[in-house]
Amino acid sequence: MFGWDKSKTPQAATTEIPGGGLPDPGAPRTSDLSNNGMPEPFKMSAPPRIGLALGSGLARGFAHLGVIRALKRHGIEPTIISGTSMGALVGGAYLANRLDQVEDWACSLTKWRVMSLLDFQVRASGLIGGHKLTRLMEQNFGDIRVEDLPNPFIAITADLVTGHEVWLRKGKLVDVMRASFSLPGIFPPVFMNNRWLIDGALVNPVPVSACAASGARMTIAVNVSGDIIGKSKRPGDSIPTIAGFDLLNFEGSQELEKAKKTGLVRRIFRRDAQSGPSIFGVMVSSLNIVQDRLARSRLAGDPPDVLIVPRIGHIGLMEFHRAEELIEEGEAAVERALPDIKAAYSVLCTNYADEM
């Protein structure tokens with residue numbers, strides 16, 4: 001990580017890693033040199049643990065793919081990952097070495113393919129069954145378990161009964177990720193460990209605290225829902241579509257077309273000048289408002305060392321077909337934050353000893 005090789009003798013305090021420009025943690029500072037110019041004995045352990053907290057945001061979560069790509073390009077490979085909702089999906093894929101597969105799948109999505117994956121239902125505890133998405137995840141992740149990942153992974157969920165924040169650090173990776181993005185009313189809750197679990201965005205949208213509690217020396221957080229300016233600039237009429245497009249005016253899968261014919265589905269997704277926004281739009285928009293306000297409060301109480309905010313507020317929460325644009329902006333956001341990342345790294349990670 002960070003291009004550090006203890007077998008190489010440090011040459012100067014300004015040693016840089018290839019492509020990243022961050023200082024080598026093994027390089028001695030001027031104050032560490034003795035009178036004869038030789039480094040004083042200094043006990044070094046493994047490189048410091050870097051935490052990456054990936055926030056929730058439905059389709060906007062694809063920006064996390066670009067963030068991770070750009071961080072790795074600059075020599076930054078986090079070793080502690082915490083994620084909420086889509087952040088848990090991308091974070092788990094990164095540690096499971098499935099990032100390429102997820103990115104290829106994301107970039108192949110069209111409106112039709114997105115709608116074909118949504119198995120609408122009018123019973124149970126969610127509008128979308130999630131069975132198709134679960135099968136797709138199982139095809140890519142198989143039986144990988146969280147405890148078998150190479151580095152710590154924490155998926156954030158919430159207990160539906162008590163409201164408690166629940167950190168999932170063990171279990172089948174697909175089940176853990178599925179529980180973390182169980183948006184209330186949209187996806188049914190997941191029963192795990194004798195609890196009904198729902199989307200962690202309701203308790204900790206950008207889980208900085210999980211990285212800190214897991215021993216991260218430096219934490220980088222990514223808030224994909226923090227672009228307030230982009231949200232206000234988004235074009236639209238007096239009745240906005242929270243999804244980014246009108247679900248009922250789009251031809252989708254056979255199941256969707258069949259579901260459209262039911263009165264309940266039309267009442268849930270119908271929006272017009274007389275009746276106002278759809279039930280779906282009001283519900284998801286309300287949850288997004290709660291998430292946004294809670295994220296600000298949690299980030300104020302548990303501030304990360306570096307906060308990355310991609311400028312993607314103009315993209316709808318269901319516009320998964322805009323993955324390439326989201327990934328590109330995730331990379332651009334890292335480039336804008338790079339001076340802060342370098343500064344934080346130089347303070348927090350360039351002089352350390354064994355940590356328990």
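The entries below go from ground rules to salt bridges, a helix, strands and aromatic rings.

**Ground rules.** I am working with a predicted model, in which local features need pLDDT of at least 70 and side-chain atom pairs count only at pLDDT 80 or more, while totals for chains, interfaces and linings use all residues. Residues are numbered from 1 along each chain as its sequence is written, and side-chain values use heavy atoms, with hydrogens and water left out.

**Salt bridges.** I began by asking how many salt bridges a search of the whole structure finds. The search gives 14, where a salt bridge is a side-chain nitrogen of Lys or Arg within 4 Å of a carboxyl oxygen of Asp or Glu.

I then looked up R69 and D100, whose side chains meet in a salt bridge at 2.4 Å, N to O. This pair links distant parts of the chain, with R69 in helix α1 (residues 63-73) and D100 in helix α3 (residues 99-107), 31 residues apart. I noted that helices (H or I, at least four residues) and strands (E, at least two) are DSSP runs, numbered from the N terminus. R69 and D100 also belong, together with E103, to a network of salt bridges.

For accessibility I used three classes: buried is under 20% relative accessible area, exposed is over 50%, and partly exposed is in between (1.4 Å probe, protein chains only). R69 is partly exposed because its relative accessibility is 22%, and D100 is partly exposed because its value is 45%.

Two further salt bridges went into the notebook. R298 and D302 meet at 3.9 Å, N to O; R298 has 22% relative accessibility and so counts as partly exposed, and D302, at 32%, is partly exposed as well. R322 and E325 meet at 3.0 Å, N to O, and E325 counts as partly exposed at 33%.

**Helix α5.** Which residues of helix α5 (residues 131-141) are buried? I found K132, L133, T134, M137 and F141 to be buried there. After α5 comes G142, which has a positive phi, near 55°.

**Strands.** I counted two strands as paired if DSSP finds at least two bridges between them. Strand β3 (residues 153-159) pairs with strand β6 (residues 195-199) in the antiparallel sense over three bridges, and D159 has L197 in β6 as its bridge partner. Strand β5 (residues 190-192) also pairs with β6 in the antiparallel sense, over three bridges. The hairpin of β5 and β6 has two residues between the strands, and in this hairpin N193 takes a positive phi near 50°.

**Aromatic rings.** The structure holds four aromatic pairs, counting rings of Phe, Tyr and Trp (its six-membered ring) whose centres lie within 6.5 Å, with planes under 30 degrees apart taken as stacked, over 60 as edge-to-face and the rest as tilted. The F181 and F187 rings form an edge-to-face pair because their planes stand at 70°, with centres 5.5 Å apart. Both F181 and F187 are buried. F191 is partly exposed at 45% relative accessibility, and W196 is partly exposed at 41%. As a last entry, I recorded that F62, W105 and F320 form one aromatic cluster.
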